[in-house]
Amino acid sequence: MNHDADQQHPAEANPGHAYRRLAEALATARNHQDPETRRRARERGRRWRDVLSGMADGRLTIGSRTPVAGLPAWVTPEVVRGGFATGKPAAGGPLLAHEAEAARRAGVPENRRDLFAYWLSEEGLGLLHELLDSGRYEVTVPEEAALLTVAWLARAGETEAALDLVGELAPFAGLLRFTPKPSGLPAPDPGAVHRRTVGDAVDALARRTPSRAVETQREALTVWQPFGDELLALWLETADEDGRVLARAPGADWRGRGGELLRRYAGLALRHTYCTKHLDPRQNLAILRNALEETVAGRELDARGSGLLRHAVTSMVRRRGLPGSARLTALRREQAAQAALPSHHALARLVLRRLAGLPRETGAAEIEPLLLPVGAREARETGLPAGAAIPAALRRPVEAALSAPVGTLVERGLVPSAEVLAELVPQLVAVTTARAYPDESLRTLAAAGHRAFRDRRSLLLLNLERQVRAEELPWVRAVAGQRSDPGTDTETALTLRQLGELAVQAFPATVLPNPLVRELAVLARQAELGAPLVEELAADIFMGTFTPKFLAAARVAAELLGGGSLYERYYAVDYRAIRDMAITEAAEAQNRQTRPRTSPGFAKLCAERARPSSSGREHGSGYGYGSTAANGTVIEQAQILTTHNLATLVHRVGIVPATGWEDLARRSFGTVCRLTARIHGNPRPLATIKDTAYAWRQMVFHLSLCTAAERDRTLAWLAEEAERRPGHVAGRLYPAVTGLCQVAEGGSADSGAGRRLLGWSTTGHWMREDPGGAVRR
């Protein structure tokens, strides 16, 4: 695809990005109407100023895995959008409330260095042992697990390991927070996950304020229209037999009742301020009221006033009927029923009452009782009508707090995308990882630490540096010997297979997002399955090289798809040559003293395959290292050769979709059609075209694992299904479907009317062209 990039040479971090983000934050902090949004924007601005000042004075090296001078890689940095470190450690800053309270109880100065020394005393270690055994603590950043690990090692008799860990932590004792916040809650259920906590649901519902439009309508129906009926009835008493109002002068009793209505009006106007139509002198109610004020005061209406009054009365009777008539009574009954419907604001208050007894820090094991219609007792206590249903807008934040097995959340539609699934997987991986420790208190600590580590934001890294792994943390290394033999950890392999199947079956047309790939890779390493999983690379900072695991993943794909599969033929891949290349590079690597950081053969192959659609150029040992679009064409070829993890999940992890590969292929084509529909009339369609091509690639993979009968049946269905779509969709898909069918019949995807569907191009993509609604046959 063509992308306009304004970034610098990718070997350098661009301060222009930080300047733009700072400007955006300052503008929001100055102009946004919401005070909370302005506050968050000011905090973002502070962080971006820290980034810029750190880059200017050399304290920050953006692009390095140790971006902050003086801090080792294991220290969790504060990171802002784009992977920029601010220079501050996430576990730093002023003492938190629980730290200050601990210092006061211990009788030590309120600073972290003295607290660190206290926790290593006999009394301090005893308190840490109590915390370990209870499991009632909350690790929010990985560093908070460090001193609990020291305490565990000391109690387990691992004195030397405990001292070594203390020695590594000590230089940062005054800077970092090494103990967690005590909690009133036990460790979370290991088999359940949740998208949001009960506290998140409470905060979302608490923000529900009364809708001014709804309350204005409610006030008009329940206050001002009934009052207008009373005014109308009073004036109709002055009409003659022909219905002409003020045909006779009103008596004293009439004026007395009119004065009472005016006094009531004054009170209503003070209490009910949403609806202001009654103040508009052009409105019928205001005309009737003004005329009443004049008449009660003893002043005769002039000709204009009398004319306005008669017109208002006539139009009100004509439109609504006479007061007390069946017509008007039915209308008012219907309006009263509508006005009696409870507001979302009132129902949100009710749901908040139901949530009040639940712990805020976790999900809710059951949400059905929280979302039942208003009960009889609740109706008496709140004034809400019994049986009133909780609307969807209020159900959503509560449903997001459901704590249940991840498969249940997917089935119930609470996990709408692979990206959301990636948010939940760390909770499961944390538990699975921790189960390798035989000691229960250490398992609980390891799970809490892993969850916190997965919340650590990724850094912007250059020059093939990799993100810090959990096993590099000093406190994780210190207890690594306590783990059971990972080679026998069948539970880890089972979890990996279940998660892989869930992701592919639930979202068959979506490439696995990087956060999910990283979590699955953790399990794959622990299970020792030899399952290389690769991330999606960013085209704007791509440097033309690939790590060796990309070639390893392509070799796995060759083992699964080589020998003439539909996938191999459609994308014109020589998987035999890839196997040979992998074997050669592996042999060369064994003869070297250092492990190779790149696979030059794989990078060259991707660049050569991309050249027909790319203007990428060679830079030393890198390929495609130029425009974002040229880089994208090379990266896409790497995704094609590796199947972007699908082959690894099938061939090494052993995933098998319960609904079968044919079902996944058809569902993927449904996504292809939906995405293609978004191209028409889109002024910037290139990102959508890329996603369409990626969904198409997933579909071709699924088709390649079908039986011959399933494949032929599905290909015929594809052609028919494409023609059923609107003309602009059918026309754009025709070349791709034709090319795929030609390959299945032994031909080429790019011959005749067929086209191979790829996502990136440097010369303009053929899917941008408007097919004019015609399906070529």
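By class, the lining of the largest cavity has eight nonpolar, two polar and two charged residues. Here Ala, Val, Leu, Ile, Met, Phe, Trp, Tyr, Cys and Pro count as nonpolar, Asp, Glu, Lys and Arg as charged, and the others, Gly among them, as polar. The model is predicted, so local features need pLDDT of at least 70 and side-chain atom pairs count only at pLDDT 80 or more, while totals for chains, interfaces and linings use all residues. Residues are numbered from 1 along each chain as its sequence is written, and side-chain values use heavy atoms, with hydrogens and water left out.

On a 1 Å grid over the protein atoms alone, a cavity is a set of points where a 1.4 Å probe fits but cannot get out; a pocket is an open set with protein on both sides within 12 Å along at least five of seven lines, and lining residues have an atom within 4 Å of a point. Grid points are joined across faces, edges and corners, and a volume is the space filled by probe spheres set on the points.

The largest cavity has a volume of about 60 Å³, and its lining includes Arg-65, Pro-67, Arg-456 and Leu-459.

The largest nonpolar core has 126 residues, and Phe-669, Trp-696 and Leu-740 touch the most other members. Such a core is a set of buried Ala, Val, Leu, Ile, Met, Phe, Trp, Tyr and Cys residues joined through side-chain atoms within 4.5 Å, where buried means under 20% relative accessible area, exposed over 50%, and partly exposed in between (1.4 Å probe, protein chains only). Helix 30 (residues 686-704) supplies the largest share of this core, 10 residues.

The protein has 32 helices and four strands. Its radius of gyration, taken over C-alpha atoms, is 35 Å, well over the 28 Å that the globule rule gives for 777 residues, so the protein is more spread out than a compact globule. That rule is 2.2 Å times the number of residues to the power 0.38.

Notes:
Helices (H or I, at least four residues) and strands (E, at least two) are DSSP runs, numbered from the N terminus.
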